[in-house]
Amino acid sequence: MHTEKGENKTIAINGHSVLPGENKLVRIEIARLPTGTLIDIPIHVFNSKRAGPTVLVQAGLHGDEVNGVEAVRRLLQDTSLQVETGALVMVPILNIFGFIHFSRDVPDGKDVNRSFPGRKKGSLASRIAYHYTAEVLPQVDMAIDLHTGGAQRHNHPQVRYTEGDAKSKELAKAFGAPYHFSAKLIKGSFRKTMYGMGKPTIVYEAGESMRIDEAAIQKASKGIKNVLVHLKMLKGRKRQSASVHLETTRWLRAAKAGMFIPGVENGSSIQKGQLLGVITDTYSKKSRGIKAPFDGHVFCINHQAVVNQGDALFHVGC
């Protein structure tokens with residue numbers, strides 16, 4: 001952890017030291033492709049001279065979630081991003097294997113975000129999690145984890161914090177996304193491992209996998225800067241409006257299989273009983289409406305045209 005006064009700490013990752021006042025690119029070697037090509041995780045460290053918190057900003061934990069990758073890439077090119085106190089650790093792509101295979105998971109089908117804290121001699125996903133947990137996590141005080149909706153579900157920009165963790169709730173509010181709400185910890189997730197280490201983590205969700213979403217990327221970049229300003233790591237002021245806190249969230253699922261036609265825009269306000277969309281058969285003989293269970297907001301819509309019974313269609317909150 002950082003000290004309140006004086007010089008900032010040295011950041012040490014995989015045998016590389018980043019002294020106060022230094023910026024450096026370091027790498028963690030993970031494994032090799034069948035061709036023998038070495039795969040490593042690039043980690044950009046910006047260490048200021050003055051003491052302050054160390055914040056991890058990461059993307060690409062799921063390889064097909066590209067909006068976070070692009071948001072971090074733009075921040076790395078942003079010459080106005082000058083860390084005044086503490087240190088900023090930025091990882092554009094954590095799951096390199098998934099990224100090069102256009103996949104959420106690694107080639108063996110396992111999810112890295114269900115493999116933390118990992119095992120040194122475990123599966124490929126578990127090994128990635130192990131090295132990351134051992135080398136990076138001890139160096140940081142908190143994290144911003146960038147994600148995108150999976151399986152053709154489109155997330156309106158939102159931030160999730162850990163239920164009962166006041167610090168992560170504070171960071172979620174400071175981020176300034178349109179919505180923020182608590183989410184339970186998932187076994188094997190990065191966020192749960194961080195929570196067990198006493199390090200608050202927020203998860204930004206926006207857009208849809210394998211699709212560039214400009215609004216999602218811009219809000220991610222602004223939100224990250226908002227958090228850094230809040231922590232007094234950057235000069236400036238917050239640049240986004242207040243975030244709506246959702247006390248209750250619920251998935252609305254398909255009561256039957258068929259063609260799914262949404263009838264509302266993502267991020268819109270809804271009223272109890274409002275028709276949000278319909279499921280119809282291909283013969284136009286039967287249809288089933290999906291109605292809002294309460295007054296609130298819709299912040300995720302499934303873009304799958306053909307759905308099965310039980311599929312998640314809308315994520316709503318109030």
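User: What do the values rest on?
Analyst: In this predicted model, local features need pLDDT of at least 70 and side-chain atom pairs count only at pLDDT 80 or more, while totals for chains, interfaces and linings use all residues. Residues are numbered from 1 along each chain as its sequence is written, and side-chain values use heavy atoms, with hydrogens and water left out.

User: Why is the largest pocket said to lie between domain 1 and domain 2?
Analyst: Domain 1 (11-244) and domain 2 (246-317) both give residues to its lining, so the pocket lies between them. The domain bounds come from an automatic or database domain assignment.

User: What makes up the lining of the largest pocket by class?
Analyst: Nine nonpolar, 13 polar and 12 charged residues. Asp, Glu, Lys and Arg count as charged; Ala, Val, Leu, Ile, Met, Phe, Trp, Tyr, Cys and Pro as nonpolar; the others, Gly among them, as polar.

User: Why is the aromatic pair of Phe116 and Tyr132 called edge-to-face?
Analyst: Ring centres must lie within 6.5 Å, and planes over 60 degrees apart count as edge-to-face. Phe116 and Tyr132 are 6.5 Å centre to centre with 75° between the planes, so the pair is edge-to-face.

User: Are Phe116 and Tyr132 buried or exposed?
Analyst: Both Phe116 and Tyr132 are buried, meaning under 20% relative accessible area with a 1.4 Å probe, protein chains only. Together with Phe190 they form one aromatic cluster.

Key: Rings of Phe, Tyr and Trp (its six-membered ring) pair if their centres lie within 6.5 Å; planes under 30 degrees apart count as stacked, over 60 as edge-to-face and the rest as tilted. Buried means under 20% relative accessible area, exposed over 50%, partly exposed in between (1.4 Å probe, protein chains only).
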